[in-house]
Amino acid sequence: MPLSEQEQRLLDEMERHLMRNDADVVSADRGADTLSYRNIVYGSVIVLLGIAGLVVGVASSLIVIGVIAFVVMVGGVVLAFTPARGAAAARSASTGSRKPAPARSSASFMDRMNDRWDRRNEER
């Protein structure tokens with residue numbers, strides 16, 4: 001069911017208000033702990049090798065092989081869910097080189113956030 005004109009105007013006004021006043025929420029950095037596809041692939045391969053080792057251990061009735069294979073599987077899962085180090089280091093290095101803007105005590109918090117949002121959009 002389509003929105004009426006009044007509902008559409010209200011929705012547009014709410015979106016503009018959100019973009020103007022809650023810029024810090026809208027532009028929250030969600031990429032701080034991004035997973036690496038390379039780590040996911042390597043971890044998946046290690047988990048598959050661990051499963052194969054577990055099957056071999058059960059088939060041969062050697063508990064030691066099964067335990068080692070299980071530990072390998074856990075290591076593969078940990079590797080797969082480990083965030084990428086290179087991207088996080090590069091991101092922190094690029095943000096660390098910027099000089100912080102001088103704080104204006106007369107401006108409100110929301111004014112500073114709006115200015116920050118405008119500067120961020122100008123950089124893109």
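**A guided tour from H3 to H4**

Begin by selecting helix H4 (63-80), which is part of what covers the buried residues of H3. Helices here are DSSP runs of H or I with at least four residues, strands are runs of E with at least two, and both are numbered from the N terminus. "Buried" means under 20% relative accessible area, "exposed" over 50%, and "partly exposed" in between, with a 1.4 Å probe and protein chains only.

Before continuing, please note that this is a predicted model, in which local features need pLDDT of at least 70, side-chain atom pairs count only at pLDDT 80 or more, and totals for chains, interfaces and linings use all residues. Residues are numbered from 1 along each chain as its sequence is written, and side-chain values use heavy atoms, with hydrogens and water left out.

Now display the whole protein. It contains six helices and zero strands. Of its 124 residues, 16% are buried. The accessible surface, computed by the Shrake-Rupley method with a 1.4 Å probe, comes to about 10000 Å², and carbon and sulfur atoms account for 64% of that area.

Next, select residues 37-59, which form helix H3. Its 23 residues reach 33 Å from the first C-alpha to the last, close to the 33 Å expected at 1.5 Å a residue; the expected span is 1.5 Å times one less than the number of residues. Within H3, colour the buried residues: Asn39, Gly43, Val47, Gly50, Gly53 and Gly57.

Zoom in on asparagine 39 of helix H3. Why does asparagine 39 count as buried? It does so because its relative accessibility is 12%. Leaving aside residues up to four places away in sequence, asparagine 39 touches Leu79, Ala80, Thr82 and Pro83, where a contact means heavy atoms within 4.5 Å.

Move on to serine 61, in the loop between H3 and H4. Although serine 61 is not a glycine, its phi is positive, at about 60 degrees. Is serine 61 buried or exposed? Serine 61 is exposed, since its relative accessible area is 62%.

Finally, select Ile63, Val67, Phe70, Val71, Val74 and Val78, which make a nonpolar surface patch of about 590 Å². One of them, valine 71, is placed in helix H4. Valine 71 counts as exposed because its relative accessible area is 53%.

Note on methods
Patches are made of residues with over 30% relative accessible area and no salt bridge: like charges are joined within 9 Å, nonpolar side chains (Val, Leu, Ile, Met, Phe, Trp, Tyr) within 5 Å. A salt bridge is a side-chain nitrogen of Lys or Arg within 4 Å of a carboxyl oxygen of Asp or Glu.
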